[in-house]
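Look at the sequence and the model shown here before reading on.

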Amino acid sequence: MRLKSILTLLGPFIALLVVFGIFAGNNPRMLSEEVLLNILTQTVIVGIAAIGMTLIIISGGIDLSVGSMIALCGVVAAMLITKGMAPPLVFLGTIAFGAFCGFVNGGITTGMKLLPFIVTLGTMQAFRGAGKVVTHGTPVNLPFDVTAYKPWMGGAGIPIGVWLMVALVIAFTLVLRYTRFGRHVFAVGSNENTATLCGVHVAKTKIFVYTIGGALAGLSALMNVAKSSQGDPTTAMGLELDIIAAVVIGGASLSGGEGTVLGALIGALLMTTIRTGCVLNGIPTPWTEVITGAIIVVAVIIDRLRHRKA
């Protein structure tokens with residue numbers, strides 16, 4: 001790993017340790033196994049979706065529809081479960097549907113040469129609306145006798161979802177660093193024209209990146225269904241901001257060409273730690289939002305300063 005990448009990753013990690021230390025100093029409960037496990041579990045939904053968002057942002061794009069996509073995919077997953085479909089098919093169907101949503105985002109963005117901000121702003125409304133149309137605006141509750149999904153986000157010990165998140169972080173870190181596709185993602189985000197001259201199929205790479213982001217949003221939706229035991233078309237409101245913030249806090253550049261999956265995970269952990277610490281220390285929710293927002297602004301400022309120096 002290059003020195004610059006190490007320094008980029010160390011910043012968010014040090015911030016995570018400092019924030020955790022401050023909250024733990026005020027309330028020793030932060031150090032308890034229960035709270036640590038809760039922080040890890042609460043990070044899963046944002047953390048998995050943030051992996052896909054990292055690839056999208058590195059490639060120079062952005063996806064504002066990911067929160068709505070998680071809500072819609074959650075509805076699809078809950079409907080498949082209520083129809084008695086086996087868990088492997090539910091996972092396969094939901095992830096495939098999420099990949100299709102991502103493919104739509106990538107296809108329109110690259111095919112029509114439109115700004116991803118505009119396209120995904122539109123699909124954000126479309127995906128959310130589609131979920132409400134299908135369910136008439138009411139949640140789809142899982143049957144009481146369905147227990148196969150509970151261990152993914154609960155139960156004794158570390159939930160399966162946490163291990164899945166860690167495995168995905170390792171897998172996509174290796175993909176970005178050691179595969180041709182990973183190099184193409186960075187090349188497209190750094191300079192599309194140069195990437196084209198070097199033989200990179202820019203449109204194909206972008207569509208693939210958005211499709212992967214959609215698939216991971218589908219997986220994140222399944223974790224949300226496992227946690228809440230329902231598919232709610234109104235859930236995950238504003239979650240896209242948390243996901244994008246986690247990626248930016250983790251060192252990714254909104255200008256494209258920079259970022260790490262591990263950094264995004266640390267960013268997601270930092271945000272969960274802040275929210276958990278605020279709750280344990282009796283800090284009102286509005287102040288929690290102020291603190292989280294301030295950290296996001298600082299992360300963006302740091303990103304801008306880094307590029308001015310570059």
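Which residues make a nonpolar surface patch of about 540 Å²? The patch is made by Leu 10, Phe 13, Ile 14, Leu 17, Val 18 and Ile 22. Patches consist of residues with over 30% relative accessible area and no salt bridge, where like charges are joined within 9 Å and nonpolar side chains (Val, Leu, Ile, Met, Phe, Trp, Tyr) within 5 Å. Accessible areas come from the Shrake-Rupley method with a 1.4 Å probe, and for residues only the protein chains shown count as cover.

Helices are DSSP runs of H or I with at least four residues, strands are runs of E with at least two, and both are numbered from the N terminus. Val 18 has a relative accessible area of 46% and is therefore partly exposed. Buried means under 20% relative accessible area, exposed means over 50%, and partly exposed lies in between (1.4 Å probe, protein chains only).

## How the model is read

This is a predicted model, in which local features need pLDDT of at least 70 and side-chain atom pairs count only at pLDDT 80 or more, while totals for chains, interfaces and linings use all residues. Residues are numbered from 1 along each chain as its sequence is written, and side-chain values use heavy atoms, with hydrogens and water left out.

## Recorded features

An unreviewed UniProt entry places the feature "transmembrane region" at several spans, including residues 6-23, 207-223 and 283-302. UniProt positions are given in the numbering used here, feature names are shortened, and annotations may be inferred rather than shown by experiment.

In the model, residues 207-223 are 100% helix and 0% strand, and the end C-alpha atoms of this span lie 25 Å apart. Residues 283-302 are 90% helix and 0% strand, with 27 Å between the end C-alpha atoms.

## The largest nonpolar core

The largest nonpolar core has 82 residues, of which Ile 70, Met 223 and Ile 243 touch the most other members. Helix H2 (residues 33-58) gives the most to this core, with 14 residues. Such a core is a set of buried Ala, Val, Leu, Ile, Met, Phe, Trp, Tyr and Cys residues joined through side-chain atoms within 4.5 Å.

Contact means heavy atoms within 4.5 Å.

## Salt bridges

How many salt bridges does the structure hold? There are 2. A salt bridge is a side-chain nitrogen of Lys or Arg within 4 Å of a carboxyl oxygen of Asp or Glu.

Glu 192 pairs with Lys 206, the closest N and O atoms being 2.4 Å apart. Glu 192 is in helix H9 (residues 192-197) and Lys 206 in helix H10 (residues 202-228), 14 residues apart. Glu 192 is partly exposed at 34%, whereas Lys 206 counts as buried at 16%.

Arg 275 and Asp 242 form a salt bridge at 3.3 Å, N to O. Arg 275 lies in helix H12 (residues 261-280) and Asp 242 in helix H11 (residues 239-249), so the pair ties together parts 33 residues apart in sequence.

## Two buried residues

Val 261 is found in helix H12 and is buried, with a relative accessible area of 2%. Among the residues touched by Val 261 are Ile 51, Val 169 and Phe 172.

Gly 67 lies in helix H3 (residues 66-82) and is buried at 0%. The C-alpha atoms of Gly 67 and Leu 241 are separated by 8.3 Å, although the two residues are 174 residues apart along the chain.

How values were computed. Lists of a residue's contacts leave out its neighbours within four places in sequence.
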